[in-house]
Amino acid sequence: MNIKPRYVALLMVLAVLLGAAGSYIGIEYFAKGTQGSSQTESLANADQNADSPGNTSGEEKNKATEDQSESADLEKVEQAFSTIKENYVSEVDKDKLIEGAVQGMLDTLEDPYSVYMDQETMKQFNQSIESSFQGIGAEVSMVNDKVTIVAPIKGSPAEEAGLKPNDQILTVDGESVEGLDLYEAVLKIRGEKGTEVTLQVDRPGVSEPVTIDIIRDDIPLETVYSNTKEVDGKKVGIIEITSFSEKTSEEFHEALTKLEKDNMAGLVIDVRGNPGGLFTDVQEILKEFIPDDKPIVQVEDRNGEKSRYFSDLKEKKDYPITVLMDEGSASASEILAATMNEAGGYDLVGTKSFGKGTVQQAIPMGDGSTIKLTLYKWLTPNGNWIHEKGVEPTIEVKQPSYFYTNPVEIKEELKYNDNNEKVKNIQKMLKGLGYEPGRTDGYFSQGTKSAVEAFQAENGLEATGDVDEKTGGKLEEAIVEEVRKEENDRQMDKAVEALFE
């Protein structure tokens, strides 16, 4: 986790932000990067070479039949629109009918990444990608019809408050998000700096919903951070990428160049908690490392046709590299990790990634609204599709168990003889802080009571042995402090160690 002070607030990469803009730029890049004509060029050429009406081919007859069928289908939609508008028992807003029809078509795709953004959502989206903005610092997606956290950004309000990958949001400020589309939920979560939002989430492995209060903050679009470590007299460069936006590859190149001039002996690229972003920027970064004998990435269209993308690099770097990833690494982060491993032979350290293997394009509808539509699968250099599977690490390392504890929520004091998930969470915290609770299975034993008393005594609290709101808050503060200490980051330690094994 390794939260640094400079990460006061990074980037609210809710899918409404980098997902649409980034994919659009990526698709434009595909058109320029593939061999042969683009789809648009092909259509233009077909028009130019079309036979005259007197020489209609069999293929054109079939096309005419398809056009007639599609025209009939559209008449059916138009008929439904007119019937509802003119005959429904109450007066109907025609704009809402049209928006509902578009939304309904996308819903039938059952693809959480193909979505409709109305004019208001697009307005906020455009403001968001132009400069810094305000929010909580997390990416969300729709998974099994649930608004789900892909990753909180490191150092963001969302992470500091305790949001975790795969948390499913149930309510925002007490209002259910069930039935809302992704962007409607996003608009409820976002808000002005300094305001508080309360999320109730369903967390895997926890029997009761968890309530999390988050203070919104400014979220600037800075995405690359670098520093060095000394290991046995060797200088190790560390570059952390928090997301892939328009300037990420430039910032990465500058950081890499500086580290190389400083004679680093090895490099760690950290994409933990990175929810992805621009397809083009991750490719530019990979061109720094992957020789031209293997593709950086492959893209497959609906017909199974593949386009492969290569670098111009002739040789690998002369220093070792490892990549850090976790369950919050998604999309472009997974492209980077998979390619560094399959095409570069570099180790991946951490835990299995999120599993997003599709690419979307933002398609303007002409009235300020936009459809973000999945058009491609991306494949690894070896042709693997990691969608809903994730990328497996070559060296699996989990953080200490207290890294995965939940925010403490105390409505009633936890006491001796209680037995529940909240007690189990407290026991993990106590053990991580060096207190021995005896049991860690959720039963509030005498050993747990003694551990609580010891913690209370050392933190200026009345040593009752019961966990009230004050004790829970102190425990949470102490855990956050431990998580922030670099010496407790097992994954980073292993990534550095693996460089010289």
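**View 1. Burial and overall make-up of the protein.** Of the 501 residues of the protein, 47% count as buried, where buried means under 20% relative accessible area, exposed over 50% and partly exposed in between, computed with a 1.4 Å probe and protein chains only. The model is a predicted one, in which local features need pLDDT of at least 70 and side-chain atom pairs count only at pLDDT 80 or more, while totals for chains, interfaces and linings use all residues. Residues are numbered from 1 along each chain as its sequence is written, and side-chain values use heavy atoms, with hydrogens and water left out. The secondary structure comes to 14 helices and 19 strands, taken as DSSP runs numbered from the N terminus (helices H or I with at least four residues, strands E with at least two). Among the contacts with a separation of 6 or more, 68% are accounted for by residues 24 or more positions apart, a contact being heavy atoms within 4.5 Å.

**View 2. The aromatic pair of F279 and Y309.** The protein has 4 aromatic pairs, counted where ring centres of Phe, Tyr and Trp (its six-membered ring) lie within 6.5 Å, with planes under 30 degrees apart called stacked, over 60 edge-to-face and the rest tilted. One of them joins F279 and Y309 edge-to-face, at 6.5 Å centre to centre and with 80° between the planes. Because F279 lies in helix α9 (residues 279–286) and Y309 in strand β14 (residues 306–309), the pair ties together parts that are 30 residues apart in sequence. Both F279 and Y309 are buried.

**View 3. The aromatic pair of Y435 and F455.** Y435 and F455 also form an edge-to-face pair, with 5.7 Å between the centres and 85° between the planes. Y435 belongs to the loop between α11 (421–432) and α12 (446–458) and F455 to helix α12, so this pair ties together parts that are 20 residues apart in sequence. Y435 is buried, as is F455.

**View 4. Lysines over aromatic rings.** The charged end of K234 sits over the ring of F500, 4.4 Å from its centre; the criterion is that NZ of Lys or CZ of Arg is within 6 Å of the ring centre and within 35 degrees of the ring normal. K377, in turn, lies over the face of W385, at 4.3 Å from the ring centre.

View 5. Strand β13 (residues 297–300) pairs with β14 in the antiparallel sense over 4 bridges, pairing being assigned if DSSP finds at least two bridges between two strands. E300 stands opposite K306 in β14. The hairpin has 5 residues between the strands, and in this hairpin G304 takes a positive phi near 85°.
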